Amino acid sequence: MTVEVTWWGHATCTVEDSGTRVLTDPLFVRRLAHLRRRRGAVPPPEAAVADAVLVSHLHSDHLHLPSLARLAPGTRLVVPLGAIRAVPALARLGLPVTEVAPGDETTVGALTVRAVPALHDGRRIPVGPRRSPALGFVVEGEARTYFAGDTGLFESMADEVGPVDVALLPVGGWGPFLGHGHLDAGRAAQALAALRPGAAVPVHYGTYWPIGLDHVRPHEFHSPGDEFVRHAARLAPGVSVHRLGHGEHFRPGRPEASR
């Protein structure tokens, strides 16, 4: 299986499958508003090379316009339905944009990308009504890879996502408190037990943290990856969990990550 997953930090991942390169929620900055990158270097230029970019929802740490502006001309954006109306600057990037809703499928090279529901507030905060759904994506080629975006645990998750080989699951956040519509390490392990992929990678933790809060519940920044590994071993012992460092990658079926 010639599939490779690279974690660049936060929710930014590259999935290479069948000769096609897909990038998720690119965030290529040292600082974003009140957040600063506390671990891992800003991703190198090659991280911005992709055939398509999947944007899970409109929050600025997932739909980040300056990071999208680093993409090569012609890179396709797959975004939630209503994103262009909610964020008009998307159209000014000059990139081809495909809007999708849960259940929609689109083709990227040799891959099929299917949008699936996510339990999360998809608005462009701090302004605007709810105009756009939060999404996850299933990328299908030689493998089926589920990128959950930002989501809480919901009852129909396994049915909506379907069978997958690899799951990229959020296990934390960028602050000491996780509100409704998020997974922590324990709930992510429950999701893993329902999904039952062959392999999983914890994401969305250990990268950005609010300025001035370095000593406020720091375990919420450092520990979610290890906690997810521990909970997953109990709730989904048949799943191979790969806790990657920033810039590390793994190939399904191979036990060790590499840079």
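Reply: Helix H4 packs against helix H6 (residues 224-235) at an angle of about 40°, and their axes are 8 Å apart. Axes here are lines fitted to C-alpha atoms, for helices over the stretch in contact; angles run from 0 to 180 degrees between N-to-C directions. H4 is therefore oblique to H6. Angles under 35 degrees count as roughly parallel, over 145 as roughly antiparallel, 65 to 115 as roughly perpendicular, and the rest as oblique.

H4 contributes Ala185, Gly186, Ala188, Ala189, Gln190, Leu192 and Ala193 to the contact. From H6 come Pro224, Glu227, Phe228, His231, Ala232 and Leu235. Contact means heavy atoms within 4.5 Å.

Some ground rules. This is a predicted model: local features need pLDDT of at least 70 and side-chain atom pairs count only at pLDDT 80 or more, while totals for chains, interfaces and linings use all residues. Residues are numbered from 1 along each chain as its sequence is written, and side-chain values use heavy atoms, without hydrogens or water. Helices (H or I, at least four residues) and strands (E, at least two) are DSSP runs, numbered from the N terminus.

Seven strands make an open sheet with mixed pairing, in the order E9-E10-E11-E12-E13-E14-E16. Strand E9 (105-108) and strand E16 (240-241) are at its edges; each has a single partner strand, so one side of each lacks a neighbour in the sheet. Pairing requires at least two DSSP bridges between two strands. E9 meets strand E10 (residues 111-117) over four bridges, in the antiparallel sense. In that pair, Thr106 stands opposite Val113. H4 (residues 185-195) packs on this sheet. It touches strand E12 (144-147), strand E13 (166-170), strand E14 (199-203) and E16. The direction of H4 makes about 160° with that of E13.

The largest nonpolar core has 49 residues. Such a core is a set of buried Ala, Val, Leu, Ile, Met, Phe, Trp, Tyr and Cys residues joined through side-chain atoms within 4.5 Å. Buried means under 20% relative accessible area, exposed over 50%, and partly exposed in between (1.4 Å probe, protein chains only). H4 supplies the largest share of this core, six residues. Among the residues with the most contacts inside the core are Leu192, Phe228 and Leu169. Leu169 touches Ala188, Leu192, Leu195 and Phe228, among others; residues up to four places away in sequence are not counted. Its list also includes Tyr146, Val201 and Val203.

What follows H4? Arg196 lies in the loop between H4 and E14. Its phi is near 55°, a positive value in a residue other than glycine. Most residues other than glycine have a negative phi. Arg196 counts as partly exposed, at 47% relative accessibility. Ala33 also has a positive phi, about 50°, although it is not a glycine. Ala33 sits in the loop between strand E4 (31-32) and strand E5 (35-37). It is exposed, with a relative accessible area of 59%.

Further out, another open sheet of seven strands runs E8-E7-E6-E3-E2-E1-E17, again mixed. Its edge strands are E8 (97-100) and E17 (248-250). The twist averages 20° from one strand to the next. Strands E3 (residues 20-24) and E6 (residues 52-54) run parallel, joined by three bridges.
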